[in-house]
Amino acid sequence: MAQPDTKKIFFENLSGAGKAIAVLTSGGDAQGMNAAVRAVVRMGLYVGAKVYFIREGYQGMVDGGENIKEATWESVSSMLQVGGTVIGSARCKEFRTHEGRLKAALNLVKLGITNLCVIGGDGSLTGANLFREEWSGLLTELVEQGSIEPQSVQTYSALHIVGMVGSIDNDFCGTDMTIGTDSALHRIIEVVDAIMTTAQSHQRTFVLEVMGRHCGYLALVSALACGADWVLIPEMPPEDGWEEKMCEKLSATRSRGTRLNIIIVAEGAIDRHGKAITSSYVKDLVVKCLGFDTRVTILGHVQRGGTPSAFDRILASRMGVEAVLALLETTANTPACVVSLCGNQSVRLPLMECVQMTQEVQKAMDEKRFEEAVKLRGRSFENNLKTYKLLAHRKPESELPHSNFNVAVLNVGAPAAGMNAAVRSAVRVGITEGHKMFAVSDGFEGFYKGQIKEIKWADVGGWTGQGGSLLGTKRTLPAKHVGKIAEQMRLHNINALLVIGGFEAFLSLLELLTARGKYDEFCVPMIMVPATVSNNVPGSDLSIGADTALNAITTTCDRIKQSASGTKRRVFIIETMGGYCGYLATVAGLAAGADAAYIYEEPFDIRDLQANVEHLTEKMKTSIQRGLVLRNENCNENYTTDFIYQLYTEEGKGVFDCRKNVLGHMQQGGAPSPFDRNFGTKISAKAMQWVTKKLRETFRQGRVFANTEDTCCLLGMRRRALIFQPVLQLKEDTDFIHRIPKEQWWLKLRPLMKILAKYKTSYDVSDSGQLEHVVHNRPKDTDASVAM
């Protein structure tokens with residue numbers, strides 16, 4: 001396939017020839033570990049290194065023998081979608097002893113291994129660093145014992161270590177998201193959604209206990225994602241007298257007509273005095289004080305199991321490739337590092353700095369410095385907590401400020417999962433800020449027809465888990481009806497607009513901005529939050545709904561590939577949505593292990609198609625039985641899905657047969673993923689806070705008058721932060737004909753997909769992570785998982 005220009009071609013500059021890399025998984029397993037192992041093996045082999053599996057973690061390293069086996073390209077096929085770790089993980093007491101580490105060093109030296117890639121939690125990574133520090137001493141000891149030749153000390157003088165954090169708890173400082181966390185959230189939310197339907201039927205209260213012995217991340221984020229009534233986490237124990245407050249809250253919710261209550265408890269939840277708060281204690285409390293029919297569900301190891309989410313596969317694949325790059329670039333003086341994620345950027349951080357900060361959090365909790373513990377967890381954790389408190393706990397009317405401002409919320413464009421979570425968040429934050437909130441049905445079509453009504457706090461209860469758009473959404477643009485829309489704005493005295501939608505929402509804001517010259521009614525603060533499965537809105541790296549669509553595509557690809565197991569060799573051609581934007585095809589291709597992904601942004605011709613067919617033919621002659629090719633719906637008007645299917649069928653005769661699937665609107669449906677619920681919730685809350693700020697700034701002489709370009713903005717995720725950008729400034733970044741941004745960050749992931757599919761390609765390392773230092777408040781104004 002045609003290749004983009006690259007600033008720096010790494011396989012010419014960084015060679016792994018003569019190097020041996022070993023990969024192991026240690027400690028508790030996490031979904032996505034297999035994707036990381038696969039990426040390390042394939043990237044290592046790609047650069048010419050020898051790669052070894054170490055089975056059963058450090059135990060396998062100590063025992064040696066069959067536990068350390070050379071890996072081949074085919075040995076990591078079909079493991080991307082498998083949960084847990086196929087190379088095994090075990091806790092090893094022996095490695096904690098000097099004798100154990102001596103045995104491990106001997107086993108590594110015998111095979112010439114001096115590069116270790118460790119996937120595990122902070123305990124596993126600390127052990128690896130100790131091993132590295134002792135390495136030269138261990139070799140000297142082995143020479144004295146006569147176990148190795150003296151020259152080996154020189155040949156294998158340094159042990160290089162790179163860590164990747166695999167832990168469902170997301171309890172490691174320095175990284176926004178650890179491998180396995182997103183998948184664990186998927187398991188929790190699946191259970192919560194299922195429980196909510198039965199709780200509704202019987203008017204029950206459910207107490208859910210989730211994992212997190214020392215870290216409340218899973219409990220907090222799942223509470224935010226399902227709109228739980230109460231959450232208990234170890235970092236922020238409730239104030240004394242919380243029992244009474246909680247029961248009052250549950251009772252008030254029921255009195256407003258809600259038929260169920262959800263309480264989420266982290267397994268390590270404690271009160272201010274360090275006493276454990278168990279799920280059974282909470283249940284007994286609710287029964288005793290309120291007499292509600294209450295049940296307890298302990299999720300347990302369900303959270304560790306199952307197939308990894310699209311996010312975890314992409315995260316692990318990116319981290320695995322970055323880990324190999326880091327190992328190739330290390331020198332004897334380079335400290336052991338962790339490859340990590342901040343926003344959607346790869347970063348490398350000194351391993352021990354991260355471990356020390358992680359230990360500081362625990363120390364702060366032990367010493368009851370809870371506010372500090374929350375801060376040390378990072379800005380993302382802090383934001384999650386603030387947003388949860390803002391949305392879950394309604395202040396009494398008497399405590400609310402009265403702004404006398406009216407704010408309208410509407411959805412524009414195609415429906416996207418997570419839109420309802422964004423609307424709920426906007427409504428509740430707006431009410432908390434003292435505004436009167438209005439909901440507009442059916443986008444701008446409903447606006448000019450006057451389908452506008454006030455929306456209250458209780459009206460949006462239970463909206464976070466609902467797919468589609470409950471307000472209704474249309475693609476209608478406002479330009480043809482500006483007069484009628486201005487009239488409705490005047491009629492309802494609308495002082496600000498929050499538009500949640502895709503490319504049409506962006507175009508709508510540009511049209512309303514132009515209409516300001518003619519109608520003063522549009523001289524109000526206007527903000528857009530991007531929500532579209534296509535992820536094609538300029539000014540934002542990610543849109544609400546794209547993650548849910550990615551998971552739908554990835555799950556379907558898994559099933560389609562599985563349908564061919566036990567049959568002859570088969571290639572599947574799958575068409576994805578996205579308009580002219582190739583985000584879904586590319587990123588789903590990386591998550592599902594595709595052999596090729598055809599997109600509009602990277603032009604291709606018949607020679608490229610022929611090369612892909614030949615490449616697949618070669619692969620099919622080995623033990624690989626299935627091929628996967630993704631095609632974006634508008635990648636090329638002549639090379640249609642039918643054309644590509646017929647070409648592959650003809651050219652693959654005698655080697656493989658073909659099947660095609662058009663995924664269609666299933667990509668827009670379904671319950672939103674945890675990521676989309678939280679991204680929608682947090683970005684919308686931030687947008688409403690901006691609205692409040694602008695309303696105050698532009699209120700003069702008894703009315704709101706906002707006519708500067710910075711009062712009509714798009715709030716988008718850019719690299720490491722959420723940024724407000726005037727829509728006028730984004731015009732020059734936009735290809736309006738094809739409805740895509742001129743520059744798209746995810747194109748850098750394409751060479752990664754090709755490398756992992758065994759294509760010779762160029763890979764731009766100019767943007768790969770450089771060693772940074774851990775800072776207490778890294779810019780994490782994003783959802784911890786806003787990083788694809």
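Mentor: Glu 650 sits in helix H22, which spans residues 641-651. The model is a predicted one. With a relative accessible area of 47%, Glu 650 is partly exposed. Its C-alpha lies 10.0 Å from the C-alpha of Val 613, while 37 residues separate Glu 650 and Val 613 in sequence.

Next come the salt bridges, which number 34 in total. Glu 235 pairs with Arg 377, and their closest N and O atoms are 2.6 Å apart. Glu 235 is in the loop between strand E7 (230-232) and helix H9 (242-255), and Arg 377 is in the loop between helix H13 (370-376) and helix H14 (379-392), so this pair ties together parts that are 142 residues apart in sequence. Glu 235 counts as buried because its relative accessibility is 0%, under the 20% limit. Arg 377 is buried too, at a relative accessible area of 12%.

Asp 595 and Lys 619 form another salt bridge through their side chains, at 2.4 Å from N to O. This pair links distant parts of the chain, 24 residues apart: Asp 595 is in the loop between helix H20 (583-592) and strand E19 (596-598), and Lys 619 is in helix H21 (residues 606-620). Asp 595 has a relative accessibility of 4% and counts as buried. Lys 619 is buried as well, with a relative accessible area of 10%. Salt bridges with shared partners also join Lys 693, Lys 694, Glu 697 and Asp 710 into one network.

The bridge between Arg 703 and Asp 520 has its closest N and O atoms 4.0 Å apart.

Some positive charges gather in a surface patch, made up of Arg 91, Lys 93, Arg 96 and Arg 213. Arg 96 is in the loop between strand E3 (68-70) and helix H4 (98-110). Its relative accessible area of 66% makes Arg 96 exposed.

Two backbone angles remain. Most residues other than glycine have a negative phi. Lys 368, however, has a positive phi, near 60 degrees. Lys 368 is in the loop between helix H12 (351-366) and H13, and is partly exposed at 46% relative accessibility. Asn 493 is not a glycine either, and has a positive phi of about 50 degrees. Asn 493 lies in the loop between helix H17 (482-491) and strand E16 (496-501), where Asn 493 is partly exposed, with a relative accessible area of 43%.

Notes
Residues numbered from 1 in each chain as written. Predicted model: local features only at pLDDT ≥ 70, side-chain atom pairs only at ≥ 80, totals over all residues. Heavy atoms only, no water. Patch = residues over 30% accessible without salt bridge, like charges linked within 9 Å, V, L, I, M, F, W, Y side chains within 5 Å. Areas by Shrake-Rupley, 256 points an atom, 1.4 Å probe, with all protein chains shown as cover. Lys, Arg positive; Asp, Glu negative; His and termini not counted. Charge placed at Lys NZ, Arg CZ, Asp CG, Glu CD. Helix = DSSP H or I, 4+ residues; strand = E, 2+ residues; numbered from the N terminus. Buried < 20%, exposed > 50% of the residue type's maximum accessible area, 1.4 Å probe, protein only.
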